[in-house]
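Try each task before you read its solution.

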Amino acid sequence: MSISSKLQKGLQYLSMLDKDKPKYGLKFIDDINIEEEQYIKLHLYEAKKYNAKAVYFKYFDKRPPIPQIYIYEEDQNINTDSLHKELWSSCKVPMFFIFSTTDIKIFNSMSKKNIDKTENIEPLEVLQIAAQFQNDNQAHTNNFKASMFDSGEFWNTSLAKKEFEYKNSAYETLLDYLKWCRNELLTEKFLPKKVINSLLIKAILVRYLEERLVLNENYFNIFKNGAKNFQDICDNSNNSEKDNIALLEFFDKLTNKFNGGMFEINPEHREQIKTADLSKFSQFLKGDMSKNGQLHFWKLYSFKDLPIELISNIYELFLDDKNKEGVVYTPPLLVNFLIDEMMPLDKPKESFKVIDPSCGSGVFLVAAYKRLIQWHMLKNNMQKPSTEMLKKLIRDNIFGIDKEKDAVELAKFSLSLAICDTLSPELIFNDLHFDNLETTNNLITKDFFEIADNDSFGESFDLVIGNPPFMSKLNTSKAKELEKDYFKKHGFKLPNKQLAFLFLEQSLKLCKQNSHVCMIQPPAFLYANNVYNFRKKLFESYKVKQVLDFAGLNSSLFKRKDGGANVAVSVPIFQNSKPDVDKDRVLHVTVRETVSSKEKLYFDLSYYDFHWVTYRQVKENKYIWKCNLVGGSRTIDTIDRLSQFETLGKFLEDRKKDGFIYSEGYIVGNKKKDNILQGRQEIKNDAIQEDHTIKWNKIHLISHEKIEACRDIKLYDTPVIIVKETISNKKFLFAYTDKDVVFCNNFFGIKAPQKYFAILKKIYENMDNYDREFIFHIIATSGKLGVYKATAFLKTDFSMLPYPNNIEKIKLSETEQYFADDVIKYMLDWINGIKNPKILENVTDNQIEEYKTIYCKLLNAIYADYKPLETIKTGQFIITPFCYGEKPNSNLIFGNIAQEDMITLINNRYHENINIKRVIKIYDKNIIYIIKPKQYRFWLKSIAIRDADETTADIVTMRYN
């Protein structure tokens with residue numbers, strides 16, 4: 001490695017170089033041939049295309065590293081505007097730095113700011129490295145130190161939260177523009193919807209070929225005199241049919257040249273295009289169409305750099321409304337995460353057949369194909385595959401099915417782009433002749449369930465992967481037939497007629513023995529009680545290796561700036577083999593929202609997001625998933641203890657014979673008119689207060705004429721406890737009243753005859769006295785609260801509350817209270833995606849002291865002589881030492897040293913890498929050091945218990961080893 005003195009000086013200034021030695025995250029392009037880490041090698045290969053000198057990476061535990069910064073020198077004569085446009089369009093790296101002798105310019109390549117203006121792109125920050133500026137510049141500099149990217153703390157700074165927003169990415173802006181333009185073009189009605197969709201897709205591919213210099217100016221002139229680009233071909237300002245014929249001839253020529261059906265126009269569409277006024281479409285290509293008074297320039301984007309995965313999102317935009325049900329675009333971050341999980345770069349295969357049974361526009365197929373190409377390149381000294389090899393990799397390995405013809409066309413388009421992305425312009429123009437992937441049977445337009453049922457593929461795939469539609473409707477005759485077969489075979493129905501469940505169950509038929517199925521599933525798969533039997537049967541029949549749970553990202557992962565969906569997905573990963581219920585364990589990974597995940601940079605997993613559970617628990621404990629999501633092992637233990645008692649639902653069911661009624665309120669509907677409640681007083685949704693009183697000015701005469709179900713009319717007589725199916729400010733909303741009122745099905749009531757007044761009053765008092773126990777139980781067991789809805793729960797959740805004769809038995813122990821309080825106060829807000837949750841704030845001194853007290857208390861229940869020592873704080877980390885017995889006379893190993901030196905000391909002395917492991921426990925003689933980031937989520941009271949449990953296990957292990 002040889003670098004210039006100014007680059008060396010700048011890198012040292014940011015602590016990316018330690019003297020002459022690069023820090024762990026810094027990799028130089030010149031070292032690409034000696035780099036052993038495969039992911040690093042490929043990322044360096046990509047960065048080399050953009051002429052970067054070096055790349056700074058963030059490392060993860062058991063996950064691939066990702067680039068954070070591309071590094072340049074000023075004397076490379078960089079055109080900053082062009083570079084920013086290319087990197088912004090590519091979505092490959094969030095930042096690039098340009099080093100000079102006197103300063104470091106920091107650029108945000110996630111920002112489109114000024115990209116559509118004539119003035120130069122401005123840097124996000126300029127760091128002065130001359131000695132006279134260093135002290136004044138220190139606060140800014142600290143934000144960009146290497147350790148800030150190693151730990152991920154940069155993304156928690158106010159600067160990052162303000163400037164790095166996914167809504168400004170090329171993904172979002174291009175999709176937003178395409179959606180708007182498409183709607184504008186449709187309003188003109190100059191062509192049918194399908195033709196406009198086809199032209200837009202073709203325009204993107206042609207633009208890509210133009211920018212790759214596959215199609216030059218001379219090529220366009222063949223079809224229209226003076227034409228220099230595709231825009232000129234489409235320009236029919238003279239409204240001449242001759243101009244439109246030139247466009248058709250252009251597509252015909254490309255169809256003959258490239259084959260594959262990419263540019264083909266069917267006969268009906270040809271006639272429509274021939275006579276259409278294409279002036280609006282020409283305006284779209286010029287960028288002259290105005291949105292909100294601003295022109296959107298087609299030239300805003302570097303199409304040669306746009307990720308191919310972007311095509312998947314276009315599919316969602318172009319679907320007819322009747323076909324959109326259950327379909328949401330799959331975020332590229334999630335796609336790439338799953339491909340890395342299922343097709344690790346460092347485990348290449350000679351042959352690896354992949355199928356997506358609901359392929360849509362092919363986002364998973366493209367990602368799998370790119371991984372096959374990467375495997376080939378790594379095995380062949382980074383040599384690109386030949387044109388024929390690229391086509392062979394698809395023919396032999398990539399398969400997709402979808403019942404929508406438009407989706408299959410887009411999948412074909414996406415895979416064709418993936419081939420082009422690897423070839424030089426000369427090879428594309430002279431050698432490339434696409435296979436028609438429908439003719440080769442790689443892409444099939446058909447109902448997947450027909451293929452699964454006739455066993456035409458058999459167990460032939462190494463990986464079945466995809467994101468099937470989430471809809472509670474079996475939308476094909478074969479799907480309905482298979483559901484009937486399922487009932488005959490297992491004795492229970494497919495839950496909720498959920499189509500995604502059927503896709504998962506049938507996909508396992510395609511998988512080779514010991515190979516895998518990785519299918520995104522709706523939240524009900526883990527959390528709905530009525531899915532328990534379906535899930536249990538799958539877990540008994542096939543081995544589940546891990547479950548990736550994204551419920552904690554329900555408000556952000558599938559969100560787009562123009563809306564998107566609140567979806568709490570999970571991804572069970574099945575292996576086609578029989579489980580050993582007594583020996584196997586399952587890894588449940590609970591992914592939670594942080595700045596980096598919200599802005600789709602990377603999933604920020606911590607040590608406490610990994611939960612190993614026994615296979616028997618997975619198969620039989622219906623609450624284990626929610627308990628892990630909100631707390632972990634001790635939460636499971638507490639819920640298991642409370643679940644031993646009789647439930648409140650059982651208690652009330654047994655008293656039906658005494659005239660008790662336990663029911664939701666009336667339902668408004670259309671099935672019949674029912675005036676039986678007319679003229680009665682009704683409580684509004686906000687009538688019940690947190691102090692368990694009713695705000696009587698929120699009462700009005702019932703106004704609904706159509707009531708589908710009024711329930712038992714006696715439900716609304718007094719006395720009654722009325723409960724709203726919502727938790728507000730961590731409290732139940734319920735009230736006892738002796739006034740007759742009516743309520744809708746947002747509430748449920750517990751009604752007792754007058755002679756059982758005392759029992760009803762006691763239920764009310766117990767709900768008040770044991771509200772912490774009850775709220776904790778509902779949060780930790782409800783499949784709705786915090787998953788589908790932020791604060792709403794179901795009547796069935798309430799029914800499952802523990803309610804023994806001796807109610808004091810449900811009182812939480814001190815240790816259980818720590819978990820319950822953290823779940824109620826912090827975890828619920830976090831999984832609900834509340835903005836700026838307290839759990840992500842920096843820990844306070846008092847909170848650290850609470851942590852230390854609880855940690856020592858649990859250890860001393862066994863060992864009796866642990867005590868906390870003085871806390872050591874650095875810029876990003878906190879070190880809490882604990883001493884057993886006498887404190888040693890020698891200074892603690894960390895003392896008052898700089899943070900960078902502390903990290904080096906840990907790495908050198910203990911062979912740990914703090915860049916990777918965000919939670920470190922070091923056992924040094926009679927001292928335990930616990931080192932963690934400063935966010936409160938790492939220092940909760942419940943975390944102190946988890947840490948103490950694990951320390952005890954570590955001590956036992958060390959004694960026996």
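Helices (H or I, at least four residues) and strands (E, at least two) are DSSP runs, numbered from the N terminus. This is a predicted model, in which local features need pLDDT of at least 70 and side-chain atom pairs count only at pLDDT 80 or more, while totals for chains, interfaces and linings use all residues. Residues are numbered from 1 along each chain as its sequence is written, and side-chain values use heavy atoms, with hydrogens and water left out.

**Exercise 1. Backbone angles**

Task: find where Pro-719 lies, and look up phi for Asn-836 and Ala-864.

Solution. Start with Pro-719, which lies in the loop between strand 26 (707-709) and strand 27 (720-728). Most residues other than glycine have a negative phi, and most peptide bonds are trans.

Next, take Asn-836, in the loop between helix 34 and helix 35 (845-860). Its phi is positive, about 50°, although Asn-836 is not a glycine. Ala-864, in the loop between helix 35 and strand 30 (866-868), also has a positive phi, near 75°.

Last, check accessibility: buried means under 20% relative accessible area, exposed over 50%, and partly exposed in between (1.4 Å probe, protein chains only). Asn-836 counts as exposed because its relative accessibility is 53%. Ala-864 is exposed too, at 58%.

**Exercise 2. A glutamate in a loop**

Task: is Glu-35 buried or exposed, and with which residues is Glu-35 in contact?

Solution. First locate Glu-35 in the loop between strand 3 (26-28) and helix 2 (38-49). With a relative accessible area of 14%, Glu-35 is buried. Then list its contacts (heavy atoms within 4.5 Å). Leaving aside neighbours within four places in sequence, these are Lys-27, Ile-40, Lys-41 and Leu-44.

**Exercise 3. An open sheet**

Task: which strands stand at the edges of the sheet, and how do the partners of strand 16 pair with it?

Solution. Begin with the order, 13-12-11-14-15-19-16-20-21, in which nine strands form an open sheet with mixed pairing. Strand 13 (443-445) and strand 21 (610-614) each have a single partner strand, so one side of each is left without a neighbour in the sheet. Two strands pair if DSSP finds at least two bridges between them.

Now move to strand 16 (residues 543-552). Strand 19 (residues 570-575) pairs with strand 16 in the antiparallel sense over six bridges. In strand 19, Gln-575 is the bridge partner of Lys-543, and Ile-573 is that of Gln-546. Strand 20 (residues 585-592) pairs with strand 16 in the parallel sense over five bridges, and there Thr-590 stands opposite Asp-549. Finally, look at burial: eight of the 10 residues of strand 16 are buried.
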